[in-house]
Every structure is written in structure tokens, then in C-alpha cells.
Amino acid sequence: MNKSFFEKTFLFFMLMLFSSNVLFAQQRPNIVLIISDDHAYQAISAYGNKLVHTPGIDRIANEGMRFDKGYVTNSICGPSRAVILTGKYSHKNGFKDNETSSFDGSQNSFIKELTKSGYQTAWIGKWHLESQPQGFTYWQILPGQGQYYNPDFLTMDGGEKQIEGYVTNIIEDVAEDWLNNRDTTKPFCLVIGHKATHRTWVPDTVDMGRYDNIIFPLPHNFYDDYSGRQAAKVQDMTIAKTMIFGYDLKMFDNATAEDKEGYINRMNAAQRAKFDAYYHSIYEDFKSKNLTGNALTEWKYQRYMRDYLSTAASLDRNIDRTLEYLDKHHLTQNTVVVYMSDQGFYMGEHGWFDKRWMYEESFRTPILVRYPGVVRPGSVNKNFVMNLDIAPTLLNIAGVAIPEGMQGESFLPLLKNKGAKIHDALYYHYYENGEHSVSPHFGVSNGRYKLIRFYKRVNSWELYDLKKDPHEMHNLFGAKKYEATEVEMYHLLQQQIAKYEDDDATKILNNKLPSEPAGFN
Ligand code: SGN
Ligand code: CA
């Protein structure tokens, strides 16, 4: 009697183990894709900055893979999100710039393919593609850029509602609510779109002042004079001249001016009291200093860094919350987590804030992937990956065929083996020609050299030797020693343009500039 009880128990136990293994093997992985806004790799401790502290993102790095050569095809918000969704360059998906484009939601996307294949899919938070999301099981998005405090949300039923609180916390709350109420018989793909760390860099009240004890060193090219670089000379994105005392740095001469600021006057009394208590005392101190010239610019830089990084701390805490949610609900083992920003950002390099350029700080974006059982924890990958590759990669992970027409490559082979390679070159095309006065441009990088053609606002070529000049201060275009490289890179550019079928770029190349060498044909 006793023996058979043990036998039965043993058999039952083995059966359970076997069936749960089969079940586990059959279950396709869940996906959480976290896309922040304007979050620079320079502002993440996992990427080596010892002055900042981002334990949430660092956890993804420690348990997954950090990509050191993640790039975007067009360094600006809406266009980057459209590339992520479609796996296609801007000239193919139609969303070229923030100022004139509206996303054609009738086209295919990795989300539509996942939904079709049985995934529960959701996009929560910043979307910024003008038209409404299509193909999702669920969405709840910020209108346009969204607001940091007490944000409005657009809902699937066509409504709009305001939720009290701080935007990053709320987006995480809504994401967790959706996870709580999802159909648990199906795998899920959840996209969490954060507004942080977008301008005007407003932290959660609990994070205000978090970095006040740190004096951030100036990037060595903070006082760049842009010599030899025509497009850089005409931009409007410097901390010195473009950054605004009131709007950006929260320094107001009087209460009326402060009250006029939309992102401030929407705060409730408790939020506003904390905001005022923190910023008013900084303003008093600032006034007493009577700063001018470089001292004034450097003061602005410190304030910018502190606000931006405190906003990033509010963001990071919510990334940690996402990971904790997965732990608590036993989802960690079967969920792929991707963290990325829509593009990079300038933290004072070249004297700038903002993005847009094909220069490294804005061209590059942080990308980190945790994939338990596939990615070796704590690995670092130095091969090229792009936001263009996210769609095919996620489909590949889900076991869904990559549809014809997607231009990115799956980087699943890189996740499995960091030696694998998917791109030899990076092709870039930025179109917007408005705010911040960055000239449209396209170009190619092979990691060692970068060739850029500016057009419309400025017509010029630039060539960089990234090994000798990683900060892109010396435009070598036209330099005798680099003639052969110039021509080689031109042919690489032509080849990339042909590969991605960028007809606009072809037309511009055919419009020869007097400075071009004979080899440019
Ligand atoms: C806003 C900002 C710009 C920023 C763009 C694009 N100006 O227009 O500084 O470059 O967004 O950012 S603001 O006065 O409205 O703050 S993006 O991330 O949406 O592409
Ligand atoms: Ca952005």
C-alpha cells in the first residue's frame, strides 16, 4: 500500500514535469519592448558613465546583452518609431519627419504580423505618429509629445482622458494593468513608449535635485567652433544660445511668466509646491551670481545635465518596475525584454542638446536585450545593429516569417553568438529642415570612415576618420591624403542607396557639387 502510494506519486510527479516541459517548449516567448525618448547612451551607467546611476537598465545589461553599436536610420522621434514598426527606411514607410508626416497605419508592421499569429499586442505611452495605431489588440497613447504632469491619453474608443500623476509612473501603471487583464492563454508583445527623457526634462518630484551634488565635466568639444563643417555652423541647438532659461531650465523672473508655461500650470497644488520649492531657490542663487559669458553657459550646462539625468532616474525606476513585475508574475524566464531609445542625444558634445545628426552621439542609440536561455548574461556586442532590425528580429524570436519588403535584418544570430554579423555598413537619411536648423543629409559609415552629403539648407560633403577623430571635429573631405577613401566611401554610399532603394538620395547624388572629385560617379 505504502509502496504503491510512492510509485503513484513518483509517476504523477514525472508526468507533471514532462507535460510542463512540453508546455513550456511550445509557449512562444513574450516580448516587452521599452522605447524611451531621447535617452542618450552617455546617460546610462551600463554604458560606462560612472557619474550616473541607472540600476534598472543596468539590470538588463547584467542579465542580457548590451549593444555598443546600435544605430538609427533617421535620428528623430516619429521617423524612428515608424522604422521600428515597419522594419523599413523612412522613404519606404513614408514617415520622413515630425513636421509634415503622418503614419500610414494601413501598411504592414511587425505588430500586425504578431497579432495575426496569435499574440496579444499593445502599445502604451508615447507614440507620436499622428495617425491612430492599427493592428494592436490594445493601445493607450499620449497625444503628440504628451505631457510630463497629469498627462492626457488617447484611448481606443476614440476618447481622451487625463490621469493625475507623473507620466512615466502612469505609463508603467497602465502597462501593468494591461498585463493583469490580458488573455493569459496567448503570448504577448507589449510596447512601452516613454516620454522621458524628452525636452523639457522634467523629473518626478521625488527625483528633483538627485544630481545636485555632482559637477559634470564639460565634454572636451563643448566649445566647438564648427570650423570646416558648414552644416554645424548654421544649426540652432546650442546650450549657449538655443536653450531657454524659462522653458528649458525652469528659471523665471516672475510668477506670471512661470504660470504661462503649459507644462507647469497643469500641475496640481502639491506637485507645483514641490516644483517651486526646488526651482525657486536655484533661481535665487543663480541671480545672486550675476554670471555672464562662458560661466553662464557652463551654469546652463550643469542645470541641463541635472534635470535631464534626474528625469532619466524617474524613467529608470519604472524600467526596474517592469522587470519586477515580470519576476513577480513568473514571466521573466519566457519574456524577451528590449530596452532602446528612439535615437541618441547630445549631452553637451559640440556644445549641443537635441539630436538629428549622423554624428555618433545622435546616430547611435542604446539597445539592450535580455533573453533568458539564449543571451549569455552580461555580454557586450560590438557589431552593427539598427532600429531597422527590431521588427525582423522580434518576428524571428516569435517564430513568425519575416514579410517581404522589410529592409532590416534579424539580429537573433547576434543574440545567440556575439561573433555573428548582419551589417557591413550603416546607411542614414535625415529629412527634417525646420526646428533646430539641422540641414537634411544622408550618408554611410563603415565604422572606420563616415561620408555625409548635406543638402537643401547646406550643400556640402563631410568625411570623418572615426578612428583618428572619434568626436568628428575634422572634416577630411577634399584632403589630399584621403582622396582614395573618399571615392571608396562614395561607392559604398551608392551601393547602400541602391540596396535600400532611396531614389531621393540618388537624385541628389546626380546633382553634382563643384567640390566633388572625378571619382564620384
Ligand atoms: C520638440 C522640441 C524639439 C525637439 C523636437 C523633436 N521642441 O519640437 O527640441 O527636437 O520636439 O523631438 S519643444 O520646444 O517642443 O520642446 S522628438 O523626440 O519628438 O523627435
Ligand atoms: Ca526622440
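This is a predicted model: local features need pLDDT of at least 70, side-chain atom pairs count only at pLDDT 80 or more; totals for chains, interfaces and linings use all residues.

Reader: Okay, fold first. How many helices and strands are in the protein chain?

Author: The protein chain has 16 helices and 16 strands. Its radius of gyration is 24 Å, close to the 24 Å from the globule rule for 521 residues, so the chain is as compact as a globular protein of that length.

Reader: And what does the C-alpha trace span along its principal axes?

Author: About 95 × 60 × 45 Å.

Reader: Switching to the ligand. Which residues are closest to ligand 1?

Author: Cys 77, Tyr 247, Asp 354, Glu 435 and His 436 are the closest, out of 17 residues that surround ligand 1.

Reader: Let's get down to atoms. How far is a polar side-chain atom of Arg 199 from an oxygen atom of ligand 1?

Author: That pair is 2.8 Å apart. Asp 38 also has a side-chain N or O atom 3.3 Å from an oxygen of ligand 1, and for His 128 the corresponding distance is 3.4 Å.

Reader: How much of ligand 1 does the protein bury?

Author: The protein buries 85% of the 460 Å² that ligand 1 exposes when taken alone.

Reader: Backbone now. You brought up Arg 199: is its peptide bond to Thr 200 cis or trans?

Author: Cis, with omega near 15°. The bond from Ala 196 to Thr 197 is cis as well, with omega near 10°.

Reader: Where does Thr 197 sit?

Author: Thr 197 is in the loop between strand E8 (188–193) and helix H7 (230–234). Thr 200 is in the loop between E8 and H7 too.

Reader: Last one: what's phi of His 350 like?

Author: Phi of His 350 is near 60°, a positive value in a residue other than glycine. His 350 lies in the loop between strand E9 (335–341) and helix H12 (360–363).

Methods:
Residues are numbered from 1 along each chain as its sequence is written. Chains are lettered from A and ligands numbered from 1 in the order in which they are written. Side-chain values use heavy atoms; hydrogens and water are left out. A residue is near a molecule or strand if one of its heavy atoms lies within 4 Å of it. A polar contact is a pair of N or O atoms within 3.5 Å; within protein, one must be able to donate a hydrogen and the other to accept it, and residues adjacent in sequence count only if both atoms are side-chain atoms. Accessible areas come from the Shrake-Rupley method with a 1.4 Å probe; for residues, only the protein chains shown count as cover. Helices (H or I, at least four residues) and strands (E, at least two) are DSSP runs, numbered from the N terminus. The radius of gyration is taken over C-alpha atoms; the globule rule is 2.2 Å times the number of residues to the power 0.38.
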